[in-house]
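Subject: The structure we talked about

Hi there,

Here is the structure I promised to pass on. Have a look at it first, and then read on for what turned up when I went through it.

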Amino acid sequence: MTMTPAESHINYQRIEQAIVYLEQNFKRQPDLDEVAEKVHLSPFHFQRLFTEWAGISPKRFLQFLTVEYLKDRLAQSKNIVEAAEAAGLSSQSRVYDLFTTLEA
């Protein structure tokens, strides 16, 4: 199905809004439902649309934001526990999981 220019523009704005929301709130690790609600879409439709427009899933995008933040934090302080807490992760094992997941 082909989108009209108006639909395409609305979808672009929704994904832009979602990206900004994720950038501003990644330390809270918002879930798919929360971000989808912010852009007025069902989680299923949001997941599909985000992946189509951004080339990666919202979860993967959130992981990249978190890893970049962790890299900066760890460059300033070698304390993994503090870095994990500052990034909104529940433990240092989540830091390990995140880094190994993105390597794959």
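**What turned up**

Let me start with Tyr69, which has a relative accessibility of 16% and therefore counts as buried, the cut-off being under 20%. Please keep in mind as you read that this is a predicted model.

Tyr69 brings us to the aromatic rings. Searching the whole structure gives four aromatic pairs. In one of them, the ring centres of Phe26 and Tyr69 are 5.3 Å apart and the planes meet at 65°, so this pair is edge-to-face, a label that calls for an angle over 60 degrees. What does this pair link? It joins distant parts of the chain: Phe26 sits in the loop between helix H1 (5-25) and helix H2 (32-38), while Tyr69 belongs to helix H4 (residues 58-76), 43 residues apart. Elsewhere, Phe46, Phe50 and Phe61 come together as one aromatic cluster.

**On the surface**

A nonpolar patch lies on the surface, made up of Met3, Tyr12 and Trp53, and together they have about 290 Å² of accessible area. Of these, Tyr12 is found in helix H1, and its relative accessible area of 45% makes it partly exposed.

Then there are the charged pairs. How many salt bridges does a search of the whole structure find? There are two. One connects Arg28 with Glu34, and its closest N and O atoms are 2.4 Å apart. Both ends are partly exposed: Arg28 has a relative accessibility of 47%, and Glu34 has a relative accessible area of 23%. Glu68 and Lys71 form a salt bridge as well, with 3.4 Å from N to O. Because Glu68 and Lys71 are three residues apart in helix H4, about one helical turn separates them. Here, too, both residues count as partly exposed, Glu68 at 43% relative accessibility and Lys71 at 41%.

**Two backbone angles to look at**

Gln29 is a residue other than glycine with a positive phi, near 55°. You will find Gln29 in the loop between H1 and H2, where it counts as partly exposed at 23% relative accessibility. His40 also has a positive phi without being glycine, with a value near 60°. Its place is the loop between H2 and H3. Is His40 buried or exposed? With a relative accessibility of 66%, His40 counts as exposed, since the cut-off for that is over 50%.

Happy to go through any of this with you at the screen.

Best wishes

Note on methods:
Residues are numbered from 1 along each chain as its sequence is written. This is a predicted model: local features need pLDDT of at least 70, side-chain atom pairs count only at pLDDT 80 or more; totals for chains, interfaces and linings use all residues. Side-chain values use heavy atoms; hydrogens and water are left out. Rings of Phe, Tyr and Trp (its six-membered ring) pair if their centres lie within 6.5 Å; planes under 30 degrees apart count as stacked, over 60 as edge-to-face and the rest as tilted. Helices (H or I, at least four residues) and strands (E, at least two) are DSSP runs, numbered from the N terminus. Buried means under 20% relative accessible area, exposed over 50%, partly exposed in between (1.4 Å probe, protein chains only). Patches are made of residues with over 30% relative accessible area and no salt bridge: like charges are joined within 9 Å, nonpolar side chains (Val, Leu, Ile, Met, Phe, Trp, Tyr) within 5 Å. Accessible areas come from the Shrake-Rupley method with a 1.4 Å probe; for residues, only the protein chains shown count as cover. A salt bridge is a side-chain nitrogen of Lys or Arg within 4 Å of a carboxyl oxygen of Asp or Glu.
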